[in-house]
Amino acid sequence: MLIEMKKRIFFAAFVLVVSSLAAQRSALVLVDTLSMQVDTLVFHFTTYTPATDAGFAFMTTKPDTLNSNIGLCVVAAFTSKAPEHIVGTSVCNGKMLYYPTESESGYCLITSSGVEINPLDTNDRSAITKAVREKGDYFQQMILVNRGKAVPTTIFRNRTTARRALVITASETMLVETDDRIHIDVFTDCLIRMGAIQAIYLDMGSWSEGWYRTSEGQICRIGKNWKSSHLQTNWLVIKKR
C-alpha cells in the first residue's frame, strides 16, 4: 500500500512538472506561412498571431530579447531624419509624444479592448484621448486597407521591397510580412485576399530588423535589411498579458 501510494505521489508530481514545463514553453506568438500567386509571380508570406494569453503593444524603448514576456518585436511607425524621432503623434502606455512632423494617413489604437485601425482625421483626437485615458497605445502610419477596400498609397511610388503590415480580419489580428520584393499595391491586394478588413503599414526597408521567440525560447531574427536598426525609435510587440 505504501509503495503504491508513493508511486501515485511520484506520478502526480511528474504530471505537475511536465505541465509546468509545457506552460513555460508555450509560444506567445503563432507563426504560419502561405504563398500567393499574382499573375506569373508567387509571393511568400509569414503571419504572426498572438496566442490567447498575449496581445499587441507599442513601445518606445527597445525590447530586450531576454524579456521572456515578449514573443515578437518589429518596427511600427516611421522614424524621421536626424535628429531621429517618431513621425506623427504617438502614445505609449498612456504617455503622449508629439513632434511637429507630417501626419500619416492612418492610425493604430491599442487598448485592453483590442486593436483598432482607422483612417486618420487630424480634426478628430478621440483615439488619442482614449489611448491616454486608458493607458493604451497609439501610433500613426500609412493605412493600406479600410473596410476591406484598398487605400491608395503613393509615397512608395513604383519601388518594390519587402513589406510588413498589421492586419485585422474577421477572426483575428495578426502581423503579415514578406521578404519578397513586392509593390505596395500588390501587397495590399494580397492582404485583402487573406481576409483583411483593416490594415496598416509597418516600417520596413532598412528598418526591417525584428525577432520572435519560439516555444523553446529561441530567438529567430526576421527582416533582411538592418542598416538603420541603430536609429529605430519605436516598436510593435506581441507580449504576455
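Guide: Helices are DSSP runs of H or I with at least four residues, and strands are runs of E with at least two. By that rule, this predicted model has three helices and 17 strands in its protein chain.

Visitor: How many residues does the protein chain have, and what share of them counts as buried?

Guide: The chain has 241 residues, and 48% count as buried. Buried here means under 20% relative accessible area.

Visitor: Why is Thr-79 called buried?

Guide: Its relative accessibility is 12%. The cut-off for buried is under 20%. Therefore Thr-79 counts as buried. Thr-79 sits in the loop between β4 (70–75) and β5 (90–92).

Visitor: What makes the pair of Thr-79 and Thr-233 a polar contact?

Guide: Their side chains meet at 2.8 Å. The limit for a pair of N or O atoms is within 3.5 Å, and the pair is listed as a polar contact.

Visitor: Which other residues does Thr-79 touch?

Guide: Among them are Glu-84, His-85, Val-87, Trp-207 and Leu-231. Asp-203 is also one of its contacts. Thr-79 and Asp-203 are 124 residues apart in sequence, yet 8.5 Å apart in space, C-alpha to C-alpha.

Visitor: What share of the chain's contacts joins residues at least 24 apart?

Guide: The share is 68%, among contacts between residues at least 6 apart in sequence.

Visitor: Why is Met-96 called partly exposed?

Guide: Its relative accessible area is 38%. Buried is under 20%, exposed is over 50%, and partly exposed lies in between. So Met-96 is partly exposed. Met-96 belongs to strand β6 (residues 95–97).

Visitor: What makes Met-96 part of a patch?

Guide: Patch members need over 30% relative accessible area and no salt bridge. Met-96, at 38%, passes that area cut-off. Nonpolar side chains are joined within 5 Å. Met-96, Tyr-98 and Val-132 form such a nonpolar patch on the surface, with about 290 Å² of accessible area together.

Visitor: Which residues of helix α2 are buried?

Guide: In α2 (residues 126–133), they are Ala-127, Ile-128 and Ala-131.

Visitor: How do you know that they are on the same side of α2?

Guide: They cover an arc of only 100° around the axis, which puts them on the same side. These buried residues pack against β5, β6, β7 (106–111) and β9 (137–141).

Visitor: What comes just after α2?

Guide: Lys-135 does, with a positive phi of about 55°.

Conventions
Residues are numbered from 1 along each chain as its sequence is written. This is a predicted model: local features need pLDDT of at least 70, side-chain atom pairs count only at pLDDT 80 or more; totals for chains, interfaces and linings use all residues. Side-chain values use heavy atoms; hydrogens and water are left out. Patches are made of residues with over 30% relative accessible area and no salt bridge: like charges are joined within 9 Å, nonpolar side chains (Val, Leu, Ile, Met, Phe, Trp, Tyr) within 5 Å. Accessible areas come from the Shrake-Rupley method with a 1.4 Å probe; for residues, only the protein chains shown count as cover. A salt bridge is a side-chain nitrogen of Lys or Arg within 4 Å of a carboxyl oxygen of Asp or Glu. Buried means under 20% relative accessible area, exposed over 50%, partly exposed in between (1.4 Å probe, protein chains only). Contact means heavy atoms within 4.5 Å. A polar contact is a pair of N or O atoms within 3.5 Å; within protein, one must be able to donate a hydrogen and the other to accept it, and residues adjacent in sequence count only if both atoms are side-chain atoms. The arc is that of the directions from the helix axis to the C-beta atoms. Lists of a residue's contacts leave out its neighbours within four places in sequence.
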